[in-house]
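Visitor: Could you take me slowly through one part of this model, the sheet and the helices around it, and explain each term as you go?

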Amino acid sequence: MKAILVNDDKSLRWDNVPDPICGDEDCLVKIEAAALNRADLMQREGDYPPPPGCPEWMGLEIAGTITEIGAVAKEKSNWKIGDKVCALLGGGGYAQYANIKYDMLMPVPNNCSMVEAAAIPEAFATAYLNLFIEGNIKSGDTLLMNAGASGLASVIIPMAKAFGIRVITTVLTDEIATSIKHLNADRVVVTTKENIADVLKEELDNGHPVDVAIDCLGGEIMGKCIHYLKHGARWIMIAALAGTKTEIDLKNIYVRNVRIIGSTLRSRTPAVKAQILADLVKNVWPKVETGEVKPTIYKVLPITEAEAAHDILYKGQNVGKVVLTVE
């Protein structure tokens, strides 16, 4: 089969690799679409190696069709050859086929295309993990989701809204604010015009403090914002695209009982990931099938144009997910 490999100069090529061999607990999936994540860029740069046992090529979420099922997978699951599935992988999604443990597969939701389904597993699992497991967020709470135009925000914001959560998000320009109107955030802060720390202080003073923040930016502004949260709030760090250093008033942290939580999905055990996926199918799939929650697709490209697809993420041009189709 073929997969996307990284050359010594970090460029990409579509080249031959060994065919996967279906293990006893695995299903072999013919990949039809694979979605991009920032983790793919990090892996390409050599900063985010795949877990042991995973292929060297990138790709964390795919959609496709089951073509083979291992003996144990047949016994322990209801999967059948021909089933349309989407899946969370440790790596190896930029390819024609993937071997996937049976409990890492989810059925493609009704009313979803294969491109949309490919954009679900990593982003939806990350959203669910940080909203409901790490964040313990509840209906009526307020969420701060930074970087409202990101692929993850395009999932987290509608998912939060579908569960009755008030959402504040940040963008850089009025044009970007217009482009994410369909996500229905309650307050969109254009940070070139408003200081987000001042906005959070205003929200606190007006009785609408943030219960949970999901932050992929970090940097200097994080330390300024964290002073204006609800007592007992959770600030969840998932990346630090704006910088890894900040200054925090520690007294404010313990007086307000604020918790700072570091969180990545990829570092979770397979058992934890499998439980998250099962929870998604049970709790979120009904909202996907009614259209309350759907991935936002920014652009679809053939997998042979993976380098151009990566450039979209490198340049921060996307509002929503970029997806590769596989012939």
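Guide: Helix H7 (residues 196-205) lies across S8, S9, S10, S11 and S12, and runs at about 150° to S10; axes here are lines fitted to C-alpha atoms, for helices over the stretch in contact, with angles from 0 to 180 degrees between N-to-C directions. The model is a predicted one, in which local features need pLDDT of at least 70 and side-chain atom pairs count only at pLDDT 80 or more, while totals for chains, interfaces and linings use all residues. Residues are numbered from 1 along each chain as its sequence is written, and side-chain values use heavy atoms, leaving out hydrogens and water. Helices (H or I, at least four residues) and strands (E, at least two) are DSSP runs, numbered from the N terminus.

The open sheet is formed by 6 strands in the order S10-S9-S8-S11-S12-S13, with parallel pairing, where two strands pair if DSSP finds at least two bridges between them. Strand S10 (187-190) and strand S13 (259-262) stand at the edges with a single partner strand each, so one side of each has no neighbour in the sheet. From one strand to the next, the twist averages 15°.

Within this sheet, S11 and strand S12 (residues 229-237) pair in the parallel sense over 5 bridges, and Val 210 stands opposite Leu 229 in S12. H4 packs on the sheet, touching S8, S11, S12 and S13, and its direction makes about 150° with that of S12; contact means heavy atoms within 4.5 Å.

The buried residues of H5 pack against helix H4 (121-134) and strand S8 (142-145), among others.
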